[in-house]
Amino acid sequence: MFLIGVFVAYGFEQAGIPYLQSSVFRRRQHQAKPAATWKERKSGSGSRNSALFATATTGASCGAVNSMHDSFTPLAGLVPLFNIMTGEVIFGGVGAGLYGILLYCIIAVFIAG
């Protein structure tokens with residue numbers, strides 16, 4: 001789940017938003033990097049590092065951020081949201097354990113029933 005999330009987030013971050021990369025929008029706004037706002041820029045690879053970091057920290061629920069999750073492109077932003085909704089089952093974080101396992105068992109029983 002972690003590797004799929006990293007590749008999905010990275011792919012959509014690198015693709016950007018098609019309308020923002022169109023020639024019509026660039027003539028109006030003169031914006032060269034549409035998916036680079038509120039991203040980590042120390043090493044020059046903002047979208048790559050931010051996609052990896054957001055996927056890792058939301059999977060472990062550690063609370064650290066190096067980019068705002070709402071600054072991701074729409075489809076790349078689904079990865080951190082999905083990781084938050086799954087409840088720390090990728091790495092196991094704070095609160096993971098018997099509570100998480102029992103929650104999934106209860107949901108599985110209701111779905112199967």
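## Basis of the model

This is a predicted model, in which local features need pLDDT of at least 70 and side-chain atom pairs count only at pLDDT 80 or more, while totals for chains, interfaces and linings use all residues. Residues are numbered from 1 along each chain as its sequence is written, and side-chain values use heavy atoms, with hydrogens and water left out.

## Fold and contacts

The chain holds five helices and zero strands, following the pattern α-α-α-α-α along the sequence; helices (H or I, at least four residues) and strands (E, at least two) are DSSP runs numbered from the N terminus. Of the contacts with a separation of 6 or more, 63% join residues 24 or more positions apart, a contact being heavy atoms within 4.5 Å.

Buried residues make up 30% of the 113 residues in the chain, where buried means under 20% relative accessible area, exposed over 50%, and partly exposed in between (1.4 Å probe, protein chains only).

## Nonpolar surface

The chain exposes about 7500 Å², of which carbon and sulfur atoms supply 69%; accessible areas come from the Shrake-Rupley method with a 1.4 Å probe, and for residues only the protein chains shown count as cover.

On this surface, Met1, Phe82, Met85, Val89, Tyr99, Leu103, Tyr104, Ile107 and Ile111 form a nonpolar patch with about 980 Å² of accessible area together. Two or more of the patch residues come from each of α4 (74-86) and α5 (98-112), and α5 gives the most, with five residues. Leu103 lies in helix α5 and is partly exposed, with a relative accessible area of 38%.

Note on methods
Patches are made of residues with over 30% relative accessible area and no salt bridge: like charges are joined within 9 Å, nonpolar side chains (Val, Leu, Ile, Met, Phe, Trp, Tyr) within 5 Å. A salt bridge is a side-chain nitrogen of Lys or Arg within 4 Å of a carboxyl oxygen of Asp or Glu.
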